[in-house]
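Thank you for passing this model along for comment.

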Amino acid sequence: MNKSMLAGVGIGVAAALGVAAVASMNVFSSAPQYAQVVSATPIKETIKTPRQECRNVTVTHRRPVQDENQIAGSVLGAVAGGVLGHQFGGGHGRDLATVAGALGGGYAGNRVQSSMQDNDTYTTQKQRCSTIYDKSEKMLGYDVTYKIGNQQGKVRMDHDPGTQIPLDKSGQLQLTRS
């Protein structure tokens, strides 16, 4: 065998090995290794948690009355007014003064008793409660729009993928974190 032939065989073997090495590195593969993320929109759920909130308030009560129509005050006022009116005038004038005094005294006695009954109150403490809702947000995931070459798709992921989503050897999205 001559030297040039040996050299050619050596160069051919080296070239074949080089091509095989490059082919195993996927240098000539035109398939993309990542999907480009176009948008990632967070999906949140609002959670309302109820809780009881109570506070003490002062409540004013009117004491019960036995004489709702203020009859006692009217009668006592009329008697006192009649006695006072009887002190003035003479003859029919005294009679008129007695009647006028009785009417005025009856009205005044009625009003005094009514005022006293309205102001006869007492206070107590009462607990008032209401339901308050505390709001919080729970992250459900992300709606992701992506592109592989000219093809666009959508997927929901449990995390923000960033700008790229890795593809496996068959060209499918790798949705789990590695």
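**Notes on the model**

1. A salt bridge joins the side chains of E137 and K44, with 3.7 Å from N to O; the term is used here for a side-chain nitrogen of Lys or Arg within 4 Å of a carboxyl oxygen of Asp or Glu. Since E137 belongs to strand β2 and K44 to strand β1 (residues 34-62), the pair ties together parts that are 93 residues apart in sequence. E137 counts as exposed at 56% relative accessibility, whereas K44, at 48%, counts as partly exposed. For these classes, buried means under 20% relative accessible area, exposed means over 50%, and partly exposed lies in between, with a 1.4 Å probe and protein chains only.

2. Before going further, please keep in mind that this is a predicted model, in which local features need pLDDT of at least 70 and side-chain atom pairs count only at pLDDT 80 or more, while totals for chains, interfaces and linings use all residues. Residues are numbered from 1 along each chain as its sequence is written, and side-chain values use heavy atoms, with hydrogens and water left out.

3. How many salt bridges does a search of the whole structure find? The search gives four, and among them is the contact between the side chains of D134 and R51, at 2.8 Å from N to O. Here D134 lies in strand β2 and R51 in strand β1, so this pair ties together parts that are 83 residues apart in sequence. R51 also meets E53 in a salt bridge of 3.3 Å, N to O, and the shared partners join R51, E53 and D134 into one network.

4. Turning to the overall layout, the protein has three helices and four strands, which follow the pattern α-β-α-α-β-β-β when read along the sequence. These elements are DSSP runs, with helices being H or I of at least four residues and strands being E of at least two, numbered from the N terminus.

5. The four strands form an open sheet in the order β3-β2-β1-β4, with antiparallel pairing; two strands are taken to pair if DSSP finds at least two bridges between them. Because β3 (151-157) and β4 (164-166) stand at the edges, each with a single partner strand, one side of each is left without a neighbour in the sheet. On average, neighbouring strands of this sheet are turned by 35 degrees against each other, direction ignored; the axes behind this angle are lines fitted to C-alpha atoms, for helices over the stretch in contact, and angles run from 0 to 180 degrees between N-to-C directions.

6. The pairing can be followed residue by residue. β1 and β2 pair in the antiparallel sense over 26 bridges; R55 has R128 in β2 as its bridge partner, and I47 stands opposite S136 in β2. Between β1 and β4, which also run antiparallel, there are three bridges, and A35 has I165 in β4 as its bridge partner.

7. T145 is worth a look on the screen: this residue lies in strand β2 (residues 121-148) and is buried, with a relative accessible area of 9%. Leaving aside neighbours within four places in sequence, T145 is in contact (heavy atoms within 4.5 Å) with Q36, V37, V38, S39, Q152, G153 and K154.

8. For helix α3 (residues 92-118), the 27 residues at 1.5 Å a residue should span 39 Å, and the end C-alpha atoms are 39 Å apart, which agrees; the expected span is 1.5 Å times one less than the number of residues. Within α3, the buried positions are G101, G105, G106, G109, N110, Q113, S114 and Q117.

9. Finally, some totals: of the 178 residues of the protein, 19% count as buried. Of the contacts with a separation of 6 or more, 73% come from residues 24 or more positions apart. The accessible surface comes to about 13,600 Å², of which 56% belongs to carbon and sulfur atoms, as computed by the Shrake-Rupley method with a 1.4 Å probe.
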